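Subject: Structure for your files

Hello,

Here is the structure you were expecting, with notes on what turned up when going through it. Please read the notes with the model open beside them.

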Amino acid sequence: MRWLPTAIAIAVGLITLLDYFFDLPLLDALGIAFREWTIILTAFALLLGVINLLQVHIGRVIRRHEASAGYSALVVITATIVTGIGLWFGLPSEPMTWVFDNIYTPLQSAFFALMAFFLATAAYRALRARTLETTWMLVIALIVFVGQTPLLGVLADVREWVLNVPATAGVRGILIGVALGTMATALRLLLGWDRPYSE
Amino acid sequence: MIQCPHCGTKNRDGSKYCSDCGARLVPQAGLVCPMCGTPNSVENVFCSKCGARLVPLTAATLGDKTPPPTPIKGLSLPSKPVETPPTKAEPSAPPPRAEPPTPKIEPPPAKTTDDWLEQLRAQVPEEQAPAIPEAPEVESEVPAEAEESADWLARLSATAPVPEELSPAEKARRAAESIEIAEEDLPDWLRTPVTPSETESPPAARMPDWVMEVTPAKEEPAVPPPSAAEEIPDWLKEPAPTEAHAPAQEAPAWFKPLEAITEIPPPVPATEEEIPDWLKPLKPSEEELAAPVRPQAPGEGLLEGIAVEKPAWLTATPYLEPGEEEFLPDWLRTPPPKPAAPAAPTPEGIAPEFQGEVPEWIAALKPVEPTAIPQIVETGPVEVAGPLAGLRSVLPLAAVVAEPHRLPPAPAANPFAEQARLFESVLATPVTAPVARAKKSTRREKIFRALIYLVLTFAIILPFFLPDVATASIRTFGTPTADLYDTIQALPADALVIVSFDYDPGNIGEMDLQANALVRHLLQRRARVVALSTLETGPQIAQRVLDNAARAVGNSAYGTHYLNLGYLAGQEAGLRQLAATGLVPTTSDYRYRQPLAQYPNFSNAQNWRNVALIVELAGTPEALQKWMEQVQPRVNVKIVAGVSAAAEPRARAYREAKQLSGLMSGLMGAAQYEILSNQRGLAVISVGAQSTASLVIIALIVLGNLVFLLSRDRGKAK
């Protein structure tokens, strides 16, 4: 009976793929049903992620010898409080909005803002013309920095060219590579060569 | 199946105990091996299963003059050999120790020193056996012996049970039954009835030596004299003598040779010429013969001479179930009384009187003194649990078993054994992960780092006080942001626009500025804005941005001009489903949890043909990529995007491919859009701060390279 999961996976994959290329009522109905199931499974995956997160941190709290037990305890307590508020007052409510706007958003923004200082020290240390490659990287970084600075607008066109031509070329190459890899993986799944669902 | 003799339960074959009542199914009618517990026949010297010795070697070699008696189980004859040694020892009863030892007749030394010689003599051919004593001499000794035995017989009569009086026929029948039952267990010399005849050698010739010594002539009646019979108590008058005096024709023929054995007369001293030379030194003196005979318990003297060397398993009283004692051999049944210490043998183990007579080839046959057994007992384990707790070596163990031992190393037959050992040793070796030692910062470095942070902070704060200095030269013409502005500007009134807030609070610093400017512009254009998000935190952000924009624009209401549909689950699948089905009427909004059909201004949103524009606000390139892959090819709707500066390179690829109708990126894009929509605000001021911070970073890069080059040149110069 090991062929059954493989057959189901191949059938579902082919139906979804054909639904993308052809506009047929039957394929549309089947594709909609399969996607609905996928959305439900994704929601359960999110729930499993939350449970796993709590398990890991509760385990660290139980094993008090770990240094991160205090932070784990804070995570568990915070998650419990926020979950309780959300369940009690509902998600679009004043308490939840207050928690989000006054705790969650400032903390994450501040954490993200610290990158500017780390970037400054890293730029001082890392961007050095040691070799030819690092010299090219140093030059490009200086052009982009200068080009996006309104005070030094003389290099704005050069910046636009760098972003539109070399950078876009590199990004397209990356996207095409990702697309080819995705197609290869999809083909292996559709042909039954890879069966991660039955292992 | 084995039926339990106690409760009748049927048990499986091979069961030793009843599964119902626990009674022993295998009767211990023999010797139980002390090593493996296997019941053995009484005739076995070694265990039939494990080969362990059942009869102790010391008892056979040191303690008894006679060869090891054959235990006869179930034979109810009064002639059990193991019970008769006292009769043999009567004439050689231990004399008073105070008397000087007489070299001729001292029995104990002969018993203790030359028992191995006795065994050798027992192997002498029958024709060379000593002559049987004559009957008249026996008859002359019996009255005196009977008289001297009166006292201890009288004591025994007071305690011994009175035997039941039976007729001679009944006694013969019972004797025959008992013999029939146990006949198969009898040795050969007892199994086949021997008819005495003149041509055959007497049965006594096949008996042990002690039997030959005491066996009277067959024609001699072993009738005690009347004087002795009168002094014997009544209970002794009836049983055995009656049986012994039964006429020969009344008893079975096979029983006749046994009669001579059952009736053991007292030993009769032989004449000087009848005594062989090797027995002459053993002849007791007249005083010793006249000494009173002490009653001797069965088995007494059996272990004489080895008491000090007896192992613990012989001295300790084993635990026996009630009734099991009768199945034990006689030499184990009753602990023998402690005999008097025998005379010490010579260092060579041969009595002095025999040292000159024993040839060397006989001396070479002397068995080696068993000294290993006491050592085993000394090293035996002490039981610590169970009913045997506190006893040592109740179950005798060989020394090699009792001592801790180690298995010999296995031969390296496996060719991978060496590799396996090497692998195990590698695994057992504690691995210390290479810890990247943090370079200890010097004081100068700390100061320099603090100086960098201070300068950067000052550069960020300064534009807030001088906004025009930094934003005066912001360029907007010909940028992707201008294309985005033009797209929104071209929307008709009441156009349905879907705005996806796909960024989290980490990108709020630049993305909120874009969203605020864009949503304000949409509301100013009187577009109907439908917000959703593929991130869990997106709906909250969208609600806040929409409310702020509505307050800024005015005359905009939730449900009328804008609507928040909340979280769109499923990632790529959810977007693919959105592209396939549109906004489902049953989809509920985020604030009031009402279905989309309840909002008239947005009831036609389920059809993509009614959607004028899709605005994707992506904090990461992956969020934009999902929309561009799952939705943009399926719907004929313009898509514009506002992305973070980190996602700009990826977004520019879609912009260059004309998949995006407009694009604004980062803080600069937000500032450009504010300028284009004529709503200067925080984005423009923030761009000033970003510009000064960028200048500081450029200066640091240049400074760092200068320091690096100077230090490298200085090193080369040195």
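Two residues are in contact here if their C-beta atoms, placed from the backbone, lie within 7 Å. On that basis, the contact between the chains takes 46 residues from chain A and 49 residues from chain B. Please keep in mind that this is a predicted model.

The chain A side of the contact

Which elements of chain A give two or more residues to the side that touches chain B? They are helix 2 (25–62), helix 4 (94–113), helix 5 (115–126), helix 6 (132–147) and helix 7 (156–190) of chain A. Helix 4 of chain A provides the largest share, 10 residues. By type, the residues on this side of chain A divide into 27 nonpolar, 13 polar and 6 charged.

The two chains in outline

Chain A has 7 helices and 0 strands. Of its 199 residues, 11% are buried. Among contacts in chain A between residues at least 6 apart in sequence, 22% join residues at least 24 apart.

Chain B comes to 31 helices and 10 strands. Of its 718 residues, 32% count as buried. For chain B, residues 24 or more positions apart account for 69% of the contacts with a separation of 6 or more.

The end of chain A

A:Tyr197 is in the segment after helix 7 of chain A. The C-alpha atoms of A:Tyr197 and A:Thr6 are separated by 8.1 Å, although the two residues are 191 residues apart along the chain.

The sheet in chain B

In chain B, 6 strands form an open sheet with parallel pairing, in the order 7-6-5-8-9-10. Strand 7 (562–567) and strand 10 of chain B stand at the edges; each has a single partner strand, so one side of each is left without a neighbour in the sheet. From one strand to the next, the twist averages 15 degrees.

Within the sheet, strand 8 and strand 9 of chain B run parallel and are joined by 6 bridges. B:Val615 stands opposite B:Val640 in strand 9 of chain B. Two helices that pack on the sheet are worth looking at:

- Helix 26 (residues 538–553) of chain B touches strand 5, strand 6 (528–533) and strand 7 of chain B, and its direction makes about 170 degrees with that of strand 7 of chain B.
- Helix 30 (residues 666–676) of chain B touches strand 9 and strand 10 of chain B, and its direction makes about 120 degrees with that of strand 10 of chain B.

Strand 9 (residues 638–643) and strand 10 of chain B also run parallel, with 4 bridges between them. There, B:Val640 stands opposite B:Gly662 in strand 10 of chain B. Strand 9, helix 29 (residues 648–656) and strand 10 of chain B make a right-handed β-α-β unit.

Strand 10 (residues 662–665) of chain B is covered on both faces. B:Gly662 and B:Met664 are buried on one side, and B:Leu663 and B:Ser665 are buried on the other.

Helix 28 of chain B

Helix 28 (residues 621–631) of chain B is mostly covered, with 8 of its 11 residues buried. Among them are B:Leu624, B:Lys626, B:Trp627 and B:Gln630. The buried residues of helix 28 of chain B pack against strand 5 (496–502), helix 27 (571–581), strand 8 (611–618), strand 9 and helix 29 of chain B.

Nonpolar cores

The largest nonpolar core has 76 residues, and those with the most contacts inside it are B:Val519, B:Val529, B:Val530 and B:Ala531. Helix 25 (residues 508–524) of chain B gives the largest share of this core, 9 residues. Not counting residues up to four places away in sequence, B:Val519 touches B:Val499, B:Val529, B:Val545, B:Leu546 and B:Ala549. Apart from this core lies another, of 13 residues, among them A:Tyr124, A:Leu127, A:Leu138 and B:Ile697.

Regards

Technical notes: Residues are numbered from 1 along each chain as its sequence is written. Chains are lettered from A and ligands numbered from 1 in the order in which they are written. This is a predicted model: local features need pLDDT of at least 70, side-chain atom pairs count only at pLDDT 80 or more; totals for chains, interfaces and linings use all residues. A residue is buried if 20 or more other C-beta atoms lie within 10 Å of its own, exposed if 12 or fewer, and partly exposed in between; C-beta atoms are placed from the backbone. Two strands pair if DSSP finds at least two bridges between them. A crossover is right-handed if, with the strands pointing away from the viewer, the path from the first strand over the helix to the second runs clockwise. Ala, Val, Leu, Ile, Met, Phe, Trp, Tyr, Cys and Pro count as nonpolar, Asp, Glu, Lys and Arg as charged, and the others, Gly among them, as polar. A nonpolar core is a set of buried Ala, Val, Leu, Ile, Met, Phe, Trp, Tyr and Cys residues joined through C-beta atoms within 7 Å. Axes are lines fitted to C-alpha atoms, for helices over the stretch in contact, and angles run from 0 to 180 degrees between N-to-C directions.
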